[in-house]
Amino acid sequence: MSQLSWRGFEHRLPKLGERTIRRYVETSPHYRGKAPAHLHLHMAHTVREFGRMFARAAREGSEPREDELELFRQRGRERGAEGLPVSEFVHAYLLAAEEMWAEVDDLSGGSPPAETTAVLLNCLHRVLNVAVQAHQKEFQTADHEQREAARALVRRLAAGELVPEPADVRLAPAYGVLALRFAADPADSVGDAVGRHLAGQRKARLLLQHLHRELSGDVLAALDPDGGLLLLPSTSDSPEAALNEARQAVPRAHQTTGVEITGAFAHAAELSHIPAAVAEAERLLRLNSVPDTVAVLADHLFEYQLNHDSAATPQLRALAARLSGEPDLMTTLRTYFATDFNRRETARKLHVHPNTVDNRLSRIANLTGADPRTAKGLLLLGASLGLAG
C-alpha cells in the first residue's frame, strides 16, 4: 500500500470506529443494541488510536511503541474497575481488528500485502496482551473489594446491627441463612504459609462462584476456606423456595468442585431475625455429619434441644464418656437405638447371639448407672448419645 493509501486509511478511522461500536452493541447482552454516550466517547477514541498505531507500524515496518500501548493499558484498567467481563473486552478489540482489515482489503483492491497481515496481527497481540493484563489485575481488585463489602454486610446483619440500604445491593425483606462447612482439600496443607493461604482462598472463591451460579437473587456471602454463611433472598412467609435451592446447590457444588460440603438452614422472616437464624443454622451445622445435605431444625429437634448447655450437660456427656473405652458396648448401644430397641435385630446386625446383646446391655447399665432396658435409662442414654454426636 502506498503512503497516500495509509492516509486514506486513517481518514476512514472515525467511520470505522462507529461501525465497530454498532457491531459491538448489536452483539453484547449488556447494551441490547443501544450505544450509550460513553461508548461513542471512549470506545471510538480507542479504536482510532488502535488504527493509527497500526498504520504507523505498517508504514515504518516497526513494532508498536510503549507510549502507544499505554492508552490500551489504561483502558484495560478502566474496564476492569467497572467490572466488564474480559470476554466482552476482548470481543470489542477483535471487532475493531476485523473492521480494520476490511478497510485494508478495500483500499488494496482485495490484494493486501502479506506483511500487512503480520503487522495487524502483531499490533492486535500487543494491544490485547497489555490491555488484558491490566484488566485482570484491576478486575480482581474490584472483585476482592466487592466480596469484602458483602462479607462485612453479612457480619453486620448477623450481629443485628442496623445497616443502611447499600448503594449496590437491594436487601430482601427476609433471608434464608445457609451455614456451610467445607472439607479440607489436600492443597490446604501443602507448601508454606503463603501457598496454603492462596490455596484456601482459591477454594473459597471457586465454591462461591459455583454456589452463586446455582442460587438465584442477590445472594450475600461471607465464606472462608473452611466454610461460612450465605444469605439467600426470601419472603417472610415462604422459606421453602430458598431451602430447596440450597438443598440442590450444595451437592451440585460438591460434584463440580470436588470439595465436600455440609450445610444447615434457618429462616429469618425479617432482617431483625437474622442473628437468631444465624445462631440456629450454625448450631444445626455442628449437628450435621452427613456431607451433601442441608440440615433443618425439624430433622434435629432432639439433638438441637440437647445442645443448649445447662447444668445437666456435663453429667450427660459423662455417661457416654464412660463407654469410650468399650467400643463393643458403644456400638451395641447405638445399634440398639437404631433398631428401635429390638434385641434380636440388634444381634443380627452385629452378627452375635441375642444373649450377647443382653449381656452387653447389662454391662452398659453397670458402667453408666442408666439401664437401657428401662424408659428412664433409654432417655438418659439417648440424651448422652445426642450430646456425644
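## Helices α12 and α13

In this predicted model, the axes of α12 and α13 come within 9 Å and cross at roughly 125°. That angle falls between the ranges for roughly perpendicular, 65 to 115, and roughly antiparallel, over 145. The two helices are therefore oblique to each other. Their crossing is right-handed.

From α12, the contact draws on T331, T332, T335 and Y336. From α13, the partners are R343, T346, K349 and L350. Sorted by class, the contact of α12 with α13 has 4 polar residues, 2 nonpolar and 2 charged.

Helix α12 spans 327-338 and α13 spans 343-350, with F341 in the loop between them. F341 is not a glycine, yet its phi is positive, at about 65°. Is F341 buried or partly exposed? Its relative accessibility is 36%, so F341 counts as partly exposed. The cut-offs behind that label are under 20% for buried and over 50% for exposed.

D292 also has a positive phi, here about 70°, and is not a glycine either. D292 sits in the loop between α9 (274-287) and β5 (294-295). With a relative accessibility of 29%, D292 counts as partly exposed.

## An aromatic cluster

By the ring-pair rule, the count comes to 9 aromatic pairs. One of them joins F72 and Y93. Their ring centres are 6.2 Å apart, the planes stand at 70° to each other, and the pair is edge-to-face. What does this pair tie together? F72 belongs to helix α4 (residues 66-82) and Y93 to helix α5 (residues 86-107), so the pair links parts that are 21 residues apart in sequence. Both F72 and Y93 are buried.

Y93 also pairs with F89. Here the centres lie 5.3 Å apart and the planes meet at 80°, so this pair is edge-to-face. The cut-off for that label is over 60 degrees. F89 and Y93 are 4 residues apart in helix α5, which means about one helical turn separates them. F89 is buried, at 5% relative accessibility. Y93 is buried as well, with a relative accessible area of 5%.

Ring pairs extend the picture to a cluster of F50, F72, F89 and Y93.

## R79 beside F89

R79 lies in helix α4, the helix that also holds F72. Which residues does R79 touch, leaving aside those up to four places away in sequence? They are L84, F89 and H135. F89 is itself part of the ring cluster.

Is R79 buried or exposed? R79 has a relative accessible area of 14%, so it is buried. The limit for that class is under 20%.

## The chain as a whole

The chain holds 15 helices and 5 strands. Of its 389 residues, 40% are buried. Among contacts between residues at least 6 apart in sequence, 66% join residues at least 24 apart.

Conventions. Residues are numbered from 1 along each chain as its sequence is written. This is a predicted model: local features need pLDDT of at least 70, side-chain atom pairs count only at pLDDT 80 or more; totals for chains, interfaces and linings use all residues. Side-chain values use heavy atoms; hydrogens and water are left out. Rings of Phe, Tyr and Trp (its six-membered ring) pair if their centres lie within 6.5 Å; planes under 30 degrees apart count as stacked, over 60 as edge-to-face and the rest as tilted. Buried means under 20% relative accessible area, exposed over 50%, partly exposed in between (1.4 Å probe, protein chains only). Axes are lines fitted to C-alpha atoms, for helices over the stretch in contact, and angles run from 0 to 180 degrees between N-to-C directions. Angles under 35 degrees count as roughly parallel, over 145 as roughly antiparallel, 65 to 115 as roughly perpendicular and the rest as oblique. A crossing is left-handed if the near helix is turned anticlockwise from the far one by less than a right angle, and right-handed if clockwise. Contact means heavy atoms within 4.5 Å. Ala, Val, Leu, Ile, Met, Phe, Trp, Tyr, Cys and Pro count as nonpolar, Asp, Glu, Lys and Arg as charged, and the others, Gly among them, as polar.
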